[in-house]
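Open the model in your viewer and keep the sequence panel beside it. The stops below are meant to be selected one after another.

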Protein chains: 2
Amino acid sequence: VRKIGIIGGGQLGRMTIEEAGKYGAQITVLAPEWPCPAGDLAEATILGKLTDREAILELGSVVDVVSYEIEHVSVEALRELETGGKLVVPSSAVLALIQDKAAQKRLWDAAGLPTAAWRLVEGEETRRPALEEAVASLGGWPVVQKARRGGYDGQGVRVLTGPSSGFLEAASLVEAKVDFTKELAVVVLRDALGHTAAYPCVEMVFDPRARLCDSVLAPADEPASVLARAEALALACVDALGAAAAGAAGAVGVFGVEMFLTSTGEILINEVAPRPHNSGHFTIEACVSSQFDQYLRILLGLPLGSTELLSPAMMVNLVAPAEEGRPGPPAAAPGGELMYEGLEKALALPSVAIHIYGKRELRPFRKMGHLTALGKTAAEARERAEAAAAAIRIRTAENR
Amino acid sequence: VRKIGIIGGGQLGRMTIEEAGKYGAQITVLAPEWPCPAGDLAEATILGKLTDREAILELGSVVDVVSYEIEHVSVEALRELETGGKLVVPSSAVLALIQDKAAQKRLWDAAGLPTAAWRLVEGEETRRPALEEAVASLGGWPVVQKARRGGYDGQGVRVLTGPSSGFLEAASLVEAKVDFTKELAVVVLRDALGHTAAYPCVEMVFDPRARLCDSVLAPADEPASVLARAEALALACVDALGAAAAGAAGAVGVFGVEMFLTSTGEILINEVAPRPHNSGHFTIEACVSSQFDQYLRILLGLPLGSTELLSPAMMVNLVAPAEEGRPGPPAAAPGGELMYEGLEKALALPSVAIHIYGKRELRPFRKMGHLTALGKTAAEARERAEAAAAAIRIRTAENR
């Protein structure tokens, strides 16, 4: 059995390790701190920054295959590992493409895949003029500005409604604001032999109440023809990535493909993540083989498993509360033991499963865990999931 | 979150730990050796015999709740923990009943639950006369002789066809040999509040070929009325156990209830195991909440999850080969690295999952892992599972 190294200490690594025992696979993680969600369960943890060349080379020296559960890692260090003959999944070439949002957009354009019209905003000195020129060529405000590099979980993205909107002071691109009715996502798998598979298309559900828990409904509540088009587009994205990075054995790995469904029924690529994806957490309970199981199969050189959905499902992220307006000390009080109140009530609901990531500290809106509910119908799954999520409150022991 | 202690270092503990990460639960195991399947994944391992009072008390001193994944542990030490206020699940009173097969049989008789007629064979000096007298009162040969204590995986059980059959030299009971057509099993759950639930009834499938891999088909290939009767009988068994041990808070835990379906359609209790059961492994892939998830919920004081079957399934035990007739050095050669050949072929079949237990040494017929296949029908699941099992060969690296 191959020894696996994963760069990143978060929940994606943790859930991967939870599936690794059945293969007898040993996983070493590289994480900036310990304890951490993945480090708690890993065979060993190497402490270091995710961009630290030395730490990444050290990880490579003790494992057979190196992967990453977050995209902000050093491409150069991964390339160095590859040059030394180490297997890196997905390859450094794929990661280089994904880290640069402009390169991603160019790739979709070159492959003829639908994505929102966009312009690069370049040049340190001319950023505002360049921005206004780009906006004009896209047909005017509003636009979405995205940092070329480093964005994560909504960071590095701004909606600009007019020339007076505060914009990102960074190399970026602007996109025509898409008039979308829904965000869709598909998790795609591609193994070293080029076999691909896709999970059913899901939709993001945004809670209209104050909780700000984003949710994922599987399958998306759209006609089969829409789901099929989204799945085909997601597969085409990963194929295009693979073709562009063919010199490095193509795009091998688990990919989360985020898309927009527009008001006219078009589906546009938003972006691709080169790792297990929040929109695929439902697969743990609802599918024969979860996205984490598939990730391990790919890392171990085993065939892909089934992506069949056994039951409709809804996943809800359990996020830390916002600090504003809450009584007591700040929610992020370090060292305070975390309490997950209401688990009994949530888990008493039919077909509800919970995943707590083991993070030690609350930060506003930080993903602390998730829950998944199954149901005979998507509506039933949603009802159960929302009731379960409403029952749970995460707080520090001091913050009553 | 409660700290959990599990006595036993085998695969049942291992698969429990694999589900524990999502609850952030820390598990310490007591095992006679390390490395071992559960110890590999546990937070910590205490080395000691499963019957060692000191070791069990030490385990109790570092956790909030003590359980066991094997029934051959010291009841006296568990009772001592309970007296000291430690939670033990299932209670020592339940385990005492289960360890003594005669006490089990008396319990089913007293509760009016169907089980094969039986007689106790007592007295060191008069064992053969006592045995022959018992057989006569059961209506004659053949009979099944079972050691009162210590049997496991078919050990401690003999079929006696006549007075010349070699019998067990131990305190035992004899049962009229049941003319059964099938062995059925149901995994039953009971939490501290007395809530109970049962998984669907399964049947044991015995491979007619030489492989000697016992398998489990879920659901059993019998009419719904038979399944319902078996499930009701299994629940009644655990209720009876709970009533008999009510002074120790009843029967709390996961119970595997083995039954016979006779040629006349009767269902008879065979025996009960006070732990997750081989016949429940299919629940990992085929049910919303697996038997290991339920075990953790019970140990953590959380509500029971759903026992709903999402898909027909078949589980096949992957056992070590018999030594006889095999070329090369003995299969049990210690220190030899184990090879699991054919995994690629097995996992390329649709909806097949594998679980390798991480045992370091082959012994003839030892359970080294299992696989589960799902299918639209039980027949499809069976076809896939048998094809997958046929593809796998476990051997030592030296033993080609």
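This is a predicted model: local features need pLDDT of at least 70, side-chain atom pairs count only at pLDDT 80 or more; totals for chains, interfaces and linings use all residues.

Residues are numbered from 1 along each chain as its sequence is written, chains are lettered from A and ligands numbered from 1 in the order in which they are written, and side-chain values use heavy atoms, with hydrogens and water left out.

Is A102(A) buried or exposed? A102(A) has 0% relative accessibility and so counts as buried. Buried means under 20% relative accessible area, exposed over 50%, and partly exposed in between, with a 1.4 Å probe and protein chains only. For a distance check, pick the C-alpha atoms of A102(A) and A171(A): they are 69 residues apart along the chain and separated by 9.9 Å.

Now extend the selection to helix 5 of chain A, where A102(A) lies. Helices (H or I, at least four residues) and strands (E, at least two) are DSSP runs, numbered from the N terminus. Helix 5, residues 101-110, lies across strands 6, 7 and 9 of chain A and runs at about 150° to strand 6 of chain A. Axes are lines fitted to C-alpha atoms, for helices over the stretch in contact, and angles run from 0 to 180 degrees between N-to-C directions.

In chain A, 4 strands form an open sheet in the order 6-9-7-8, with antiparallel pairing; two strands pair if DSSP finds at least two bridges between them. Strand 6 (118-121) and strand 8 (157-160) of chain A stand at the edges with a single partner strand each, so one side of each has no neighbour in the sheet. On average, neighbouring strands of this sheet are turned by 25° against each other, direction ignored. For one pairing, select strand 7 (residues 143-147) and strand 9 (residues 172-176) of chain A, which run antiparallel and are joined by 5 bridges. In that pairing, V143(A) stands opposite A176(A) of strand 9 of chain A.

Zoom out to the whole of chain A. Chain A has 11 helices and 20 strands. Its C-alpha trace spans about 55 × 50 × 45 Å along the principal axes. Of the 400 residues of chain A, 59% count as buried.

Colour the cysteines next. How many disulfides are there over all chains? The count is 0, where a disulfide is a pair of cysteine sulfur atoms within 2.5 Å. The cysteine sulfur closest to that of C237(A) is in C201(A), 12 Å away and too far for a bond. C237(A) is at 0% relative accessibility and counts as buried. C287(A) is in no disulfide either, with its nearest cysteine sulfur, that of C201(A), 13 Å away. At 4% relative accessibility, C287(A) counts as buried.

Move to chain B and select its parallel sheet. Here 5 strands form an open sheet in the order 3-2-1-4-5, and the pairing is parallel. Strand 3 (44-47) and strand 5 (87-88) of chain B are the edge strands, each pairing on one side only. Strand 4 (residues 65-68) of chain B runs parallel to strand 5 of chain B, with 2 bridges between them. V65(B) faces L87(B) of strand 5 of chain B across this pairing.

Then select strand 19 of chain B, residues 367-374, which is mostly covered: 8 of its 8 residues are buried. Strand 16 (residues 313-319) of chain B pairs with strand 19 of chain B in the antiparallel sense over 7 bridges, and N317(B) stands opposite H370(B). Strand 18 (residues 352-356) of chain B also runs antiparallel to strand 19 of chain B, joined by 5 bridges, with V352(B) opposite A373(B).

End at L343(B), in helix 11 (residues 343-348) of chain B. L343(B) is buried, with a relative accessible area of 11%. Which residues does L343(B) contact, leaving aside its neighbours within four places in sequence? They are L302(A), I354(B), I356(B) and I392(B).

Key. Contact means heavy atoms within 4.5 Å.
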